[in-house]
Amino acid sequence: MTLCAVRRGLRCALYLAAMAHPAAAADTEPPEPALHEASEAFWRGKEHYDAEEFGQAEVEFGKAYALTHHPDLLFNLGQSHRRAGNPDKATFYFRRYLETNPPEVQAKATEEVLAQVEAQLAATKTQQGDQAKQDAERKRLEEQRRLDLEEQQRKLELEKTRLA
């Protein structure tokens with residue numbers, strides 16, 4: 001795909017987004033250099049995503065979003081964070097995407113993914129809570145053992161002084 005075709009595609013996507021999202025229509029289209037830079041960042045992000053380099057994909061999709069504020073990039077950011085194991089950030093971007101009132105099919109799919117991420121997040125927090133409880137109990141038992149050993153040593157010292 002040539003650079004001109006990519007630019008045309010991004011302009012078309014921005015135009016369609018403006019038509020589909022009245023709030024976005026009020027925004028002006030980014031200047032030509034910004035479109036070019038955003039297009040390059042998007043394609044680099046897609047390449048990283050396809051290569052399962054989700055951290056780098058996040059960075060590139062973030063650059064493209066900063067330049068264009070195209071709502072579909074919020075979904076891309078959410079997916080990148082989800083696949084990178086950042087459910088908090090994924091949830092944030094999926095919710096922001098839903099706030100842009102995407103078409104019904106995309107909204108429904110995003111809501112399903114969001115529900116999965118939120119369930120994962122809840123399970124993780126439950127596991128962390130369980131782990132914290134286990135850690136606290138382990139520390140309590142270690143402290144009790146330490147105190148028991150100190151008590152035994154005190155008794156031994158007391159017994160030694162009586163025998164002496």
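**Reading helix packing and nonpolar cores**

Author: The largest nonpolar core has 11 residues, namely Ala38, Ala41, Ala57, Phe61, Ala64, Tyr65, Leu73, Leu74, Leu77, Tyr93 and Tyr97. The model is predicted: local features need pLDDT of at least 70, side-chain atom pairs count only at pLDDT 80 or more, and totals for chains, interfaces and linings use all residues. Residues are numbered from 1 along each chain as its sequence is written, and side-chain values use heavy atoms, with hydrogens and water left out.

Reader: What is a nonpolar core?

Author: In soluble globular proteins, nonpolar side chains tend to be buried together. A nonpolar core is a set of buried Ala, Val, Leu, Ile, Met, Phe, Trp, Tyr and Cys residues joined through side-chain atoms within 4.5 Å; buried means under 20% relative accessible area (1.4 Å probe, protein chains only).

Reader: Which helix gives the most to this core?

Author: Helix 4 does, with 4 residues. Helices here are DSSP runs (H or I, at least four residues), numbered from the N terminus.

Reader: How do helix 5 and helix 6 cross?

Author: Two packed helices are described by the angle between their axes and the distance between the axes. Axes are lines fitted to C-alpha atoms over the stretch in contact, and angles run from 0 to 180 degrees between N-to-C directions. The axes of helix 5 (residues 72–83) and helix 6 (residues 87–99) come within 8 Å and cross at roughly 160°. The two helices are therefore roughly antiparallel (over 145 degrees).

Reader: Which residues of helix 6 make the contact?

Author: They are Lys89, Ala90, Tyr93, Phe94, Arg96 and Tyr97, where contact means heavy atoms within 4.5 Å.

Definitions and conventions: Parallel < 35°, antiparallel > 145°, perpendicular 65-115°, else oblique. Buried < 20%, exposed > 50% of the residue type's maximum accessible area, 1.4 Å probe, protein only.
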